[in-house]
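Colleague: I should like to learn how to read the features of a model of this kind. May we take them one at a time?

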Amino acid sequence: MMTRRHFLQATPGLLAAATASPRLLGAPTSTLTPPEIGRSTRIAKPGDGMAKLDLGRKQSLRLLQFTDNHFFCGVESGLQKTDDDQATVRDWQNFVRIFKPDLVVSSGDLWHDNPGGRGQATLEYTVARLSELGVPWATCWGNHDQLDDFQRGHDALEAAKNSFYRGGATHGDYYLEMMGSDAAGVSKPMAHLFLMNTNRFGLTDWQLAWLKTTQAQLKARNAKPLPALAFFHIPVFQQKSLYREKVTLGSCQEEVCFEKESGEAVPVLAGANTIRATFCGHDHTNDYAVRDRGVDLNYGRATGYSGYGGEKLKKGAKLIELDLATGAYTQTTVFADGSKWKPA
């Protein structure tokens with residue numbers, strides 16, 4: 001049985017690096033440090049960090065969240081495709097065929113570490129599988145998404161077919177603007193998706209400063225606030241502190257690993273009054289939601305068979321539907337055979 005402990009033991013470098021904390025929220029802007037995982041070397045220009053997805057006359061956004069796929073976990077050398085990885089790819093294909101999303105979002109740990117420097121080859125393999133799904137997709141950085149050269153990884157993610165990843169000059173933080181046509185056929189922004197890089201520590205000062213700046217720019221640009229969802233890998237502190245055993249609906253079968261996030265993120269997430277919900281991963285056997293300051297804090301369902309926890313909680317995905325007119329959303333855990341699960 002694989003557990004989180006096995007994951008960390010397999011990567012001693014992660015344990016050593018995790019002892020070095022980033023600066024905390026509230027530090028002067030000039031002292032903010034970009035994340036180590038996913039750090040860019042390109043200089044951001046106006047327009048970087050944003051992509052537009054045209055939904056035409058659709059009145060709702062339908063997306064699938066995959067999380068914690070961990071391709072090639074446990075493979076000692078090369079790119080030997082395991083039965084688990086092949087099962088994950090088959091599930092991806094079935095999810096898209098059955099649920100027909102407008103967009104797929106992978107919320108971190110797409111591949112598993114960088115043994116022998118093979119991280120880039122693993123990234124390119126998994127990105128090719130995403131591209132073959134034939135639908136738009138985007139991804140966030142997770143703590144296991146390790147590379148020798150993160151800029152090379154950014155470039156590959158941005159250049160891939162059907163990719164809406166745009167974090168290549170912004171250290172992995174970016175947003176998608178959902179465009180739709182009004183009754184007169186005029187295209188206009190309808191909603192936003194924020195995708196953030198939680199590095200090894202969770203949402204810290206760098207990401208939250210980016211979010212506040214981006215939200216202020218969007219507020220100045222749009223006549224009215226637009227509904228938004230946020231995606232990142234590591235949960236926030238409140239996903240632990242607000243959970244109540246036998247009261248909170250869903251599955252909580254392991255400790256909430258919010259890492260260094262100290263509860264400072266939610267006030268920022270809620271600050272612009274646009275983000276309806278957040279979706280994370282990281283803890284493979286947790287699938288529940290809590291609410292704070294008007295924001296729903298959701299776990300996605302772990303998707304990849306190479307990740308731990310499948311013997312305790314069935315692998316799946318999250319189907320999310322956002323009404324572009326009202327901002328209301330629904331989220332349902334789904335499985336590759338077309339079945340669905342809602343906590344009772």
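Modeller: Let us begin with helix length: the expected span of a helix is 1.5 Å times one less than its number of residues. Please bear in mind throughout that this is a predicted model.

Colleague: How many residues has helix H3, and what does it reach from its first C-alpha to its last?

Modeller: Helix H3, residues 83-99, has 17 residues and reaches 24 Å, close to the 24 Å expected. After H3 comes Lys-100, with a positive phi near 45°.

Colleague: Which residues of H3 are buried?

Modeller: The general idea is that an α-helix has 3.6 residues a turn, so residues three or four places apart point the same way. In H3, the buried residues include Asp-85, Thr-88, Val-89, Trp-92, Phe-95, Val-96 and Phe-99. The partners against which the buried residues of H3 pack include helix H4 (119-131) and the strands S2 (60-66), S3 (103-106) and S12 (317-323).

Colleague: How should I read the sheet?

Modeller: Strands of a sheet pair through backbone hydrogen bonds, either parallel or antiparallel.

Colleague: Which residues stand opposite one another around S12?

Modeller: S2 and S12 are antiparallel, paired over six bridges, and Leu-61 stands opposite Leu-322 of S12. S12 is also joined to S13 by six bridges, again antiparallel; there Tyr-329 is the bridge partner of Leu-322. Five of the seven residues of S12 are buried. The hairpin of S12 and S13 has five residues between the strands, and Gly-327 in this hairpin has a positive phi near 85°.

Colleague: Is His-282 buried or exposed?

Modeller: His-282 counts as buried because its relative accessible area is 2%, and the cut-off is under 20%. This residue lies in the loop between strand S9 (275-280) and strand S10 (286-292). Its side chain makes polar contacts with the side chains of Asn-143, at 3.3 Å, and His-233, at 3.2 Å.

Colleague: What pLDDT does the chain average?

Modeller: The chain averages 92, and 91% of the residues score at least 70. Over residues 12-30, however, the pLDDT is below 50, although this stretch has 26 contacts in the model beyond near neighbours in sequence. Where pLDDT is low, the predicted coordinates should not be read in detail.

Definitions and conventions
Residues are numbered from 1 along each chain as its sequence is written. This is a predicted model: local features need pLDDT of at least 70, side-chain atom pairs count only at pLDDT 80 or more; totals for chains, interfaces and linings use all residues. Side-chain values use heavy atoms; hydrogens and water are left out. Helices (H or I, at least four residues) and strands (E, at least two) are DSSP runs, numbered from the N terminus. Buried means under 20% relative accessible area, exposed over 50%, partly exposed in between (1.4 Å probe, protein chains only). Contact means heavy atoms within 4.5 Å. pLDDT is the predictor's confidence in each residue, from 0 to 100. A polar contact is a pair of N or O atoms within 3.5 Å; within protein, one must be able to donate a hydrogen and the other to accept it, and residues adjacent in sequence count only if both atoms are side-chain atoms. Two strands pair if DSSP finds at least two bridges between them.
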